[in-house]
Amino acid sequence: MAADQHLLEYFTAMDNQGGIIVREPPKLDLDLYISNYKGRTRFDRLLLIGQSSVPLCVDALKATVNEAKRGKDVARYREAWECIRIAAPNEPEAQWDEAWATATEKANKVETHRLEAELKGYKNNLVKESIRIGHRDLGEHLESIGDLNAASETYIKMRPDASTQSHIQDVGKHIVSIMLQKQDWAGVLANVNKVLAVNMSTEEQNAEQPYQKIVSGLAHLGLGKYYEAARCFLEVGDPAICQRYNDIISQNDVATYGGLLALASMDRLELQSRVLDNSGFRNYLELEPHIRKAVSMFVNGRYSACLGILESYRNDYLLDIYLQKHVSAIFSQIRSKCIVQYFLPFSCVTLDSMNAAFAKPGESIEAELINMIRSGALNARINTIDKLLVAVSTDSRAAMQKKALDAAQNYEKEAVERIRRMNIVAAGLEVGPPRKSADGGAGNLPGVGDVWQDDSKRPLGSRDSIA
């Protein structure tokens, strides 16, 4: 009972801070899940699970504390300890390790001073390669102890001493790594293109493409550009090369992100060609078969089954550091697409059949349909008397007539311009760009430019038109 009370207090505080609380157990196995990653992202993912998942909270926070103590970042250890001392104060990890914190801070200061002294010596010797390596070592040390701003400044100072293409790529990757941790998505997009150079060979581009696509996809996802993000994840390429970058995301994440974002932003034809028939992405889908199944269900018109599969994995998606903020929007877009595609072949559908396909037991989908109609996502109206959803038919004849009139007007305008051009050439004249003046005329003659523009609107039979 005491443990439950501590968890209740902890998640009440998390909820008050605006955090997302997942009360149902996810399908993922914590140890197996975190073994797919390396580097600083392990701590971030464990901490997010500890702050969001009620069933996995204590185990995740204990693993977070141990992960922090394997590194050199005392601030991260303090952050994890602040969480576990409230959620599970009786656990051994909830006791503050003052000896470790003091020794680590002291060792960090000594190492920082040593690297700065080495860098100063390199600068005195004026050896560019040594200076570049000195900046790199100092930047990696500052990043490992959590001083991201100082690390970013140090990495930027590597650029003047980067003499080869591999050095430039190394600088770009270090800077992008810092911006990913700070979630500076615009900065990520601005720097990721520097990783791929113009004069790289095809083999080198293929080796660097997974990194560029992964990082660009995460940046587009962070900015809410789901279609662009989906395109990037679907074009990642070789899974073996992707595995090298598991300090960012894993191969399973590529399959999940690519499949979900494609479902949210692509139509049926694109899903078939870019996802299911994509030989390069098929290797990733084998790691997450439920994503492939959901996409196949959507393409085959089994929309309720598609939504059911995704809904069963919602808790897992809510525990992902990049997906969590977007799960609601992504699921909403997928659901809206399913409703629209379900209704598209019919002129009218009963609300009971819509409820049976998309609503939860005992609930109605009518309010959701009203919101979709108001937003323009669904071109229909609701017959509340007969309980029908009726398609709004467009006047095809009026649309065809308007299209024909627009085509005639465009043809007339183009014909007048061609006749004018022919007469100008026949007269041996050349027309330069008009010089704009304050009174709206062309050049020094007020009103000439206006007359020239209005001339194209006169009928060809007019005596003032050019014949």
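1. The hairpin. Strands E2 and E3 form a hairpin with four residues between them, and Lys387 in the turn has a positive phi of about 55°. Helices (H or I, at least four residues) and strands (E, at least two) are DSSP runs, numbered from the N terminus. Lys387 is a residue other than glycine, and its place is in the loop between E2 and E3. Lys387 is partly exposed, with a relative accessible area of 42%. For such terms, buried means under 20% relative accessible area, exposed over 50%, and partly exposed in between (1.4 Å probe, protein chains only).

2. Basis of the note. This is a predicted model, in which local features need pLDDT of at least 70 and side-chain atom pairs count only at pLDDT 80 or more, while totals for chains, interfaces and linings use all residues. Residues are numbered from 1 along each chain as its sequence is written, and side-chain values use heavy atoms, with hydrogens and water left out.

3. Strand pairing. Two strands pair if DSSP finds at least two bridges between them. Strand E2 (residues 380-383) pairs with E3 in the antiparallel sense over four bridges. At one place Ala380 has Ala391 of E3 as its bridge partner, and at another Asn383 has Leu388 of E3. Strand E1 (residues 348-350) also runs antiparallel to E3 (residues 388-391), and three bridges join these two strands. Here the bridge partner of Thr350 in E3 is Leu388.

4. Gln183, a residue other than glycine, has a positive phi near 55°. Gln183 lies in the loop between H9 and helix H10 (185-192). Its relative accessible area is 36%, so Gln183 is partly exposed.

5. The largest pocket. What is the volume of the largest pocket? The volume is about 1100 Å³. Of the 40 residues that line the largest pocket, the closest to its centre are Arg40, Thr41, Asp44, Arg76 and Gln181. The elements that give two or more residues to this lining are helix H3 (41-52), helix H5 (74-87), helix H7 (128-144), helix H8 (148-156) and helix H9 (165-182). H3 gives the most, with seven residues.

6. Terms for the pocket. On a 1 Å grid over the protein atoms alone, a cavity is a set of points where a 1.4 Å probe fits but cannot get out, whereas a pocket is an open set with protein on both sides within 12 Å along at least five of seven lines; lining residues have an atom within 4 Å of a point. Grid points are joined across faces, edges and corners, and a volume is the space filled by probe spheres set on the points.

7. Classes in the lining. The lining of the largest pocket has 13 nonpolar, 14 polar and 13 charged residues. In this count Ala, Val, Leu, Ile, Met, Phe, Trp, Tyr, Cys and Pro are nonpolar, Asp, Glu, Lys and Arg are charged, and the others, Gly among them, are polar.

8. Cysteines. How many disulfides (pairs of cysteine sulfur atoms within 2.5 Å) does the structure hold? It holds zero. Cys57 is in no disulfide, and the nearest cysteine sulfur, that of Cys83, is 8.2 Å away. Cys57 is buried, with a relative accessible area of 0%. Cys338 is likewise in no disulfide; the nearest cysteine sulfur, that of Cys306, is 4.7 Å away. Cys338 is also buried, with a relative accessible area of 0%.

9. Helix H20. The buried residues of H20 include Cys338, together with Val327, Ile330, Phe331 and Ile334 among others. At 1.5 Å a residue, the 17 residues of H20 (residues 327-343) should span 24 Å, and the end C-alpha atoms are 24 Å apart, which agrees. The expected span is 1.5 Å times one less than the number of residues in the helix.

10. Ile21 has its place in the loop between helix H1 (2-16) and helix H2 (30-34). Ile21 is buried, with a relative accessible area of 14%. The C-alpha atoms of Ile21 and Asn315, 294 residues apart along the chain, are separated by 9.7 Å. Arg397, in helix H23 (residues 396-426), is exposed, with a relative accessible area of 61%.

Terms used: Disulfide = S-S within 2.5 Å.
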